[in-house]
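Hi,

Here is the structure you are taking over. Please open it and keep it beside you as you read.

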Amino acid sequence: MTTAAIEASRHITESQCPQPEKTGWIERHFQLQAKGTHVRQEVMAGVTTFMTMVYIIFVNPQILSAAGMDAQAVFVTTCLIAAIGSIAMGLVANLPIAMAPAMGLNSYFAYVLVGGMGLAWQTGMGVIFWGSLLFAAVAGFRVYIVTSIPASLRIGIATGCGLMIALVGLHNAGIIVANPDTMVTIGDVRSIPFVLGCAGFLLMMVLVHRGFKAAIIISMVATTFAGWLLGDVEYQGIASLPPSIAPVLGQLDLMGALDLSLAGVILSVMLVSLFESAGTFVAVTDKAGLSDETGNYPNATRSLFVDSLSSAAGAFMGTSSVCPYIESATGVVEGGRTGLMAVVVGLLFLLAIFFSPLAGMIPAYATAGALIYVGLLMTAELTRVQWQDLTEAVPAFVATVMIPFSFTLTEGIATGFITYTVMKLACGRAREVSPVCALLTLVFVARYAFL
């Protein structure tokens, strides 16, 4: 056979045989097709999530500055650790969950540990560092705890998170404000935040109903632009060089935090971090359709490991505990299903270091609609509660209302567990109380009694 004939035969054979589909690294690593998504959808979801949680880079420095920390340096470290944590969560755990310094825990750090107990902020950072490393060592046990949460409590936690998010959105737009007589009341209906917050939410809902995938982003941009036209949003420039992080980087007092008198403080921080993270992981993965009926979700151990090490790294860099952000649910609503969404969020936080003037233009009321929308979606989970069974309905209700009313995930989870165990035992259904549920109930009771 001639050389030409051989080549022709090989060409025919290759054209007839099916060739393996060539896929890029992004597709292989994040398994986009298997999870029913694509790059553009994940990017849009990441942008949406970033826009709903970018407030933390401005709020966190303000809170930690009350503890005596340099606000400008904390601004940069907040961006850095949010980027590192989010990218790590995406690459290591492949979950659509973004990370950043935890709201609530930063206030606990500044106003309780430092302001109330008189700890130096350097010692407080040491407490967070050691507690986070200890949690990283027992990440597997944390997964067992998370997956042992009863179905009714998982629904209550998810719904409570949604209501708390909605409450934040309503407050950010001035729709709901504090009142010394009635606790809360309606805000000034003629104010720009109130009007644009409501308009942005309604615009978003109309676009969602009409099938616009970028409805959340369109609404945010339109609301910000309207605020600029009305003179409420000031153009602050586009980019600026970041300030030095030397005043807070590596300044934590590791040996001072190991004082025996601080053992209870470390335990308290650990418990708060555990259930803040657990509630968010359960709620977001459930909303994304990634968890099963028992609450298990993919790469749970990895996700908790990333969570713990991010907090330890954050303490070293000069910021309070890092946790998964419930605002990730806005990206999930936008179609995010993989860790690529979290990576996009992380990259945007890196850019925010240099584009802080531009990021700072987004007013709080521009993100209000997205937060209210997430609350609307997450309250739909209540239809899964067995309302005819009070041993299931009461714990779900307690967890649901205590999270937004106490404004912390931990209190909702604690009271939910206690209520669940008491109802089951008192109604003769002790077998339905798992060992972990019973143990956590005792821990929470002891927490209220002694801590």
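Glutamate 392 counts as buried, at 12% relative accessibility. Here buried means under 20% relative accessible area, exposed means over 50%, and partly exposed is in between (1.4 Å probe, protein chains only). Before you go on: this is a predicted model, where local features need pLDDT of at least 70 and side-chain atom pairs count only at pLDDT 80 or more, while totals for chains, interfaces and linings use all residues. Residues are numbered from 1 along each chain as its sequence is written, and side-chain values use heavy atoms, leaving out hydrogens and water.

**Salt bridges**

What does glutamate 392 meet in a salt bridge? Its partner is the side chain of lysine 424, at 2.8 Å from N to O. (A salt bridge puts a side-chain nitrogen of Lys or Arg within 4 Å of a carboxyl oxygen of Asp or Glu.) Glutamate 392 lies in helix H18 and lysine 424 in helix H19 (residues 409-426), so the pair ties together parts that are 32 residues apart in sequence. Helices are DSSP runs (H or I) of at least four residues, numbered from the N terminus. Lysine 424 is buried, with a relative accessible area of 0%.

Helix H19 also holds glutamate 411, and helix H20 (residues 435-450) holds arginine 447. Their side chains form a salt bridge too, again 2.8 Å from N to O. This pair links parts that are 36 residues apart in sequence. Glutamate 411 is buried at 19% relative accessibility. Arginine 447 is buried at 15%. Salt bridges with shared partners join Asp389, Glu392, Lys424, Arg429 and Glu432 into one network.

How many salt bridges does the structure hold? There are 6. One of them joins arginine 384 and aspartate 286, at 3.2 Å from N to O. Arginine 384 sits in the loop between helix H17 (364-378) and helix H18 (390-406), and aspartate 286 in helix H12 (residues 263-287), so parts that are 98 residues apart in sequence are tied together. Arginine 384 is partly exposed, at 45%. Aspartate 286 is partly exposed, at 23%.

**Cavities**

Arginine 384 and aspartate 286 come up again here. Both line the second largest cavity, along with Arg154, Ile155, Ala158, Ser291, Asp292 and Glu381. (A cavity is a set of points on a 1 Å grid over the protein atoms alone where a 1.4 Å probe fits but cannot get out; lining residues have an atom within 4 Å of a point.) The second largest cavity holds about 50 Å³ of space. Helix H9 (residues 151-172) gives the largest share of its lining, 3 residues.

The structure has 3 cavities of 30 Å³ or more.

**Leucine 358**

Finish at helix H16 (residues 356-359), where you will find leucine 358. Is leucine 358 buried or partly exposed? It is partly exposed, with a relative accessible area of 38%.

Over to you.

Note on methods:
Helices (H or I, at least four residues) and strands (E, at least two) are DSSP runs, numbered from the N terminus. On a 1 Å grid over the protein atoms alone, a cavity is a set of points where a 1.4 Å probe fits but cannot get out, and a pocket is an open set with protein on both sides within 12 Å along at least five of seven lines; lining residues have an atom within 4 Å of a point. Grid points are joined across faces, edges and corners, and a volume is the space filled by probe spheres set on the points.
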